[in-house]
Amino acid sequence: MAKVVAILATNGVEEVEMVQPREALEKAGIQVKLVSPQGGEIQAMNEYVKPAKKYKVDLTVGQAADEKFDGLVLPGGTTNPDHLRMDEASVAFVRGFVNEKKPIAAICHGAWTLIEANGVKGKTLTSWPSVHTDLVNAGAKWVDQEVVEDGNLVTSRNPHDLPAFCKALVAQYAS
């Protein structure tokens, strides 16, 4: 049976941080569903402020709560994870993966939602530099590396790290 991974995103998601992991997972034979607090489409961005394409949402967070996923990807952008961490249903969705110790991959500012879901304490992670203090304050150890793997977590700093991030992300599901 094919594995299924959720990408949790909303308006303001950094396009490349959503698209490249999705393509890498699909190339590895893993089914991917775009999950968002709202249905319809979400507006992706380039370099945080330049509108890119719109993407069709496969499932709302409410619908996805009843689905069985094998893992989760949390792309960045600044507004995307900021909105997600303020949405109780989205945080609860992420917390479910944390509690079940399922694979979670976060890049750039994506760790903000993971922090809100109490998923970083005692873990070693990386992120966009401005998220460093938030991670440390939440009980994580922050390191400045291209990709960091700690148990079920894979994290990277920015779009330049996507090749290593995607390789580690796909490796999470090799079995």
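**Before starting.** I am working with a predicted model, and I keep that in mind throughout.

**Pocket.** I began with the largest pocket and looked up its volume, which comes to about 210 Å³. Then I listed the lining: Ala-64, Ala-65, Glu-67, Lys-68, Phe-69, Ala-92, Phe-93, Gly-96, Phe-97, Glu-100 and Lys-102.

**Helix α4.** I checked its span end to end. Its twelve residues reach 16 Å from first C-alpha to last, close to the 16 Å expected at 1.5 Å a residue. Next I looked up burial, and found Ser-90, Val-91, Phe-93, Val-94, Phe-97 and Val-98 buried in α4. Why do I say that the buried residues of α4 line one face of the helix? Looking down the axis, I see them fall within an arc of 155 degrees, so one face holds them. I reminded myself that an α-helix has 3.6 residues a turn, so residues three or four places apart point the same way. On the other side of α4 I noted Glu-88 and Asn-99 as exposed. Two of the names in my buried list, Phe-93 and Phe-97, also turn up in the pocket lining. Just past the helix I stopped at Lys-101, which takes a positive phi of about 55 degrees.

**Sheet.** I traced the strand order and wrote down β6-β3-β1-β7-β8-β12-β11, an open sheet of seven strands with mixed pairing. Which strands stand at the edges? They are β6 (59-60) and β11 (147-150); each has a single partner strand, so one side of each is left without a neighbour in the sheet. I then picked one pair to follow. Strand β1 (residues 4-8) runs parallel to strand β7 (residues 71-74), with three bridges between them. Val-5 stands opposite Gly-71 of β7.

**Ile-7.** I stayed in strand β1 for Ile-7. Is Ile-7 buried or exposed? Its relative accessibility is 0%, so I put it down as buried. Ser-90 was already in my notes as one of the buried residues of α4.

Key: Residues are numbered from 1 along each chain as its sequence is written. This is a predicted model: local features need pLDDT of at least 70, side-chain atom pairs count only at pLDDT 80 or more; totals for chains, interfaces and linings use all residues. Side-chain values use heavy atoms; hydrogens and water are left out. On a 1 Å grid over the protein atoms alone, a cavity is a set of points where a 1.4 Å probe fits but cannot get out, and a pocket is an open set with protein on both sides within 12 Å along at least five of seven lines; lining residues have an atom within 4 Å of a point. Grid points are joined across faces, edges and corners, and a volume is the space filled by probe spheres set on the points. Helices (H or I, at least four residues) and strands (E, at least two) are DSSP runs, numbered from the N terminus. The expected span of a helix is 1.5 Å times one less than its number of residues. Buried means under 20% relative accessible area, exposed over 50%, partly exposed in between (1.4 Å probe, protein chains only). The arc is that of the directions from the helix axis to the C-beta atoms. Two strands pair if DSSP finds at least two bridges between them.
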